[in-house]
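Please read the numbered points below beside the structure. Each point takes up one topic.

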Amino acid sequence: RRRPQQQQQQREWQRVQAGLVADVLLSRGLRRWHPRASLLLSPSLQRVTAAAARHTSALACRPSCVRPAGVRCCGTSAAAAGAGEGDGGPPTFFRAERREGSSERPQSRLDKPKSSMKFCPACGGAVEQVIPQGDDRWRAVCGSCGAIHYVNPKMVVGAIVEHQGKIMLCKRNIEPCLGKWTLPAGFLENGESTQAGAAREVWEEACARVQLTAPFMHLDIPVISQAYVLFRAELLPPYTHSPGAESQETKLFALDEIPFEELAFSSVTVALEQYLLDVGDQGGFKVHYGVIHKKEGSDPNDPTAYYVDSLLRVP
């Protein structure tokens, strides 16, 4: 009598895994090394984790359920989206995370997004948000010429500049984080390689000539749709540096003098922490990858309001 029930629970658990495995493994994995991980998860994700851990059928998709892209479980109504455990309706889970500093709920692929694009850059016709045939996301589509305008993540490139056992930081002269220290970095330009972009950013922000020596870190920040590519670099003769238009000051810091409490961005903090680990590692420098997640509703520059997932260190 118990065996069929166990088999049913196992089948239900497999269906839960199919739709929620990424989020479940993320949250359960974080709990093993981050005791406060549950505080960094959205309420809906906490419900999923608790439900999955108990092999419950409350969140399992029906065999006939056709799940729209971006929805973690069956249910298409607003009531279903807000339903909790034990109320008879499976909640809808959104793949997108809340934007940094926003008080609004995360946006689903099913939500019609607000767009600043009103007219088509190609022909000047009116643009509207639609889901093109064969796609699963809202896109800005011209009603006249039919051109589809995609909005893709931004790439930031920069460098950890080394000289005589010290590293260079720039004090920002612009918002956000005016007056905070950061690595020389900025947005990649069209037609530019990441290597050329990193060297250019060092010149623009620190008026310093550098030689890039190795890739160091790739960081993804999905909540703001940005990817960071950082290199290690050496200061070139005549070994001078001075603040550019976007910097108040440039300075070479000894490794034990890095002002972690005054750093501008979580990405800079993560990169420098990994750099210090590599310096103390007899195996030498590694190539790193990680994903930065922000605590929901937190200030984007709060150094305690993020955690790093999927951290890799490749020799």
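Predicted model: local features only at pLDDT ≥ 70, side-chain atom pairs only at ≥ 80, totals over all residues.

1. L312 counts as partly exposed because its relative accessibility is 48%, a value between the 20% and 50% cut-offs. The residue belongs to strand β12. Together with V287 and V314, L312 makes up a nonpolar patch on the surface, and the accessible area of the three is about 240 Å².

2. The average pLDDT of the protein is 75, and 64% of the residues reach at least 70. Residues 15-107 have a pLDDT below 50, although the model shows 134 contacts for this stretch beyond near neighbours in sequence. Please keep those values in mind when looking at that part of the picture.

3. Which residues touch the most other members of the largest nonpolar core? They are I160, L169, L183, M217, V270, L272 and I292, out of 29 residues in that core. Two or more residues come from each of β4 (154-163), β5 (166-172), β8 (210-221), β9 (226-235), α5 and β12 (306-314). Helix α5 contributes the most, with five residues.

4. Beyond its neighbours within four places in sequence, I292 contacts L219, D220, I221, P222, S266, S267, V270, Y306, Y307 and V308.

5. Is D278 buried or exposed? D278 is buried, because its relative accessible area is 1%, and buried means under 20%. This residue sits in helix α5, which covers residues 266-279. Not counting residues up to four places away in sequence, D278 touches F216, G284, F285, K286, H288 and R313.

6. D278 also forms a salt bridge with R313, with 2.4 Å between the closest N and O atoms. This pair connects distant parts of the chain, since D278 is in helix α5 and R313 is in strand β12, 35 residues apart.

7. D281 is partly exposed, with a relative accessible area of 28%.

8. How many salt bridges does a search of the whole structure find? The search finds nine. One of them joins the side chains of R200 and E192, at 2.7 Å from N to O. R200 counts as buried, because its relative accessibility is 18%. E192, R200, E201 and E204 are linked in a network of salt bridges.

9. Some backbone values deserve a second look, because most residues other than glycine have a negative phi and most peptide bonds are trans. The bond from E175 to P176 is cis, with omega near 0°, and P176 is in the loop between β5 and β6 (181-182). P237 and P238 are also joined by a cis peptide bond, with omega about 10°.

10. Q164, in the loop between β4 and β5, has a positive phi near 55° and is exposed at 73% relative accessibility. Y239 has a positive phi of about 60°. The loop between β9 and β10 holds Y239, which is partly exposed at 43%.

Methods: Residues numbered from 1 in each chain as written. Heavy atoms only, no water. Helix = DSSP H or I, 4+ residues; strand = E, 2+ residues; numbered from the N terminus. Buried < 20%, exposed > 50% of the residue type's maximum accessible area, 1.4 Å probe, protein only. Contact = heavy atoms within 4.5 Å. Core = buried A, V, L, I, M, F, W, Y, C linked by side-chain atoms within 4.5 Å. pLDDT = per-residue confidence, 0-100. Patch = residues over 30% accessible without salt bridge, like charges linked within 9 Å, V, L, I, M, F, W, Y side chains within 5 Å. Areas by Shrake-Rupley, 256 points an atom, 1.4 Å probe, with all protein chains shown as cover. Salt bridge = Lys/Arg side-chain N within 4 Å of Asp/Glu carboxyl O.
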